[in-house]
Amino acid sequence: GEDVEQSLFLSVREGDSSVINCTYTDSSSTYLYWYKQEPGAGLQLLTYIFSNMDMKQDQRLTVLLNKKDKHLSLRIADTQTGDSAIYFCAVGFSGGYNKLIFGAGTRLAVHP
Amino acid sequence: EAQVTQNPRYLITVTGKKLTVTCSQNMNHEYMSWYRQDPGLGLRQIYYSMNVEVTDKGDVPEGYKVSRKEKRNFPLILESPSPNQTSLYFCATSYEGRTDTQYFGPGTRLTVL
């Protein structure tokens, strides 16, 4: 089955850029997502990209997709303390009632 | 306002005592599902429902039951909870099963002693 992998922890200085990486195994995935989970809260959809796109930018967020290497990344520009959270990469598939396959999540810690 | 609500938000119980976690949505979504979140494992799907009276197993269904008698509600039932079901549970809903319109509930933290 599909496997989605992320590094578990990332620490950055406030104001720097953060890059969170994700790899997946199933090339038939159609949608690739980034979710944010703040402490004690549910999941918030940050952004997503279709598999026929290479890049998507949304304000401070940039998503890059390398389909050949099955690699997805999320770049957060000018990282703030409010960005501290767990970030989940997830892949979805077309053709029916979809479930999302999630990575284990990357905990982003932003320090002054 | 689009909402997915779960109750209870926190629950501590003992092994073997039946419990139900409720999920309700106000978006008239056909598709609803349950996930559990465990450290280092991300979220894994337990059960899903494509519409009223239509349910199917996800990746980790053992020890759980669900029912879908009304479109808006999708309760998760643990008939005989065990400590390995201690987890954070999320309900999710979407229009026609599309993952780009998936909404998650706030989560239910369950501890089974």
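**View 1. The elements of chain A, from the N terminus on, run β-β-β-β-β-β-β-β-β-β-β.** Chain A has 11 strands and 0 helices; strands (E, at least two residues) and helices (H or I, at least four) are DSSP runs, numbered from the N terminus. This is a predicted model, in which local features need pLDDT of at least 70 and side-chain atom pairs count only at pLDDT 80 or more, while totals for chains, interfaces and linings use all residues. Residues are numbered from 1 along each chain as its sequence is written, and chains are lettered from A in the order in which they are written.

View 2. Of the 112 residues in chain A, 47% are buried, meaning under 20% relative accessible area with a 1.4 Å probe, protein chains only. Contacts are heavy atoms within 4.5 Å. Among those in chain A between residues at least 6 apart in sequence, 55% join residues at least 24 apart. The C-alpha trace of chain A spans about 45 × 30 × 20 Å along its principal axes.

**View 3. An open sheet in chain B.** The sheet has 4 strands in the order β1-β3-β8-β7, with antiparallel pairing. Its edge strands, β1 (4-7) and β7 (65-66) of chain B, each pair on one side only. Two strands count as paired if DSSP finds at least two bridges between them. Strands of a sheet pair through backbone hydrogen bonds, either parallel or antiparallel.

**View 4. The pairing of β1 and β3 in chain B.** These strands run antiparallel and are joined by 4 bridges, with β3 covering residues 19-25. B:Thr5 has B:Ser24 in β3(B) as its bridge partner.

Technical notes:
Heavy atoms only, no water. Buried < 20%, exposed > 50% of the residue type's maximum accessible area, 1.4 Å probe, protein only.
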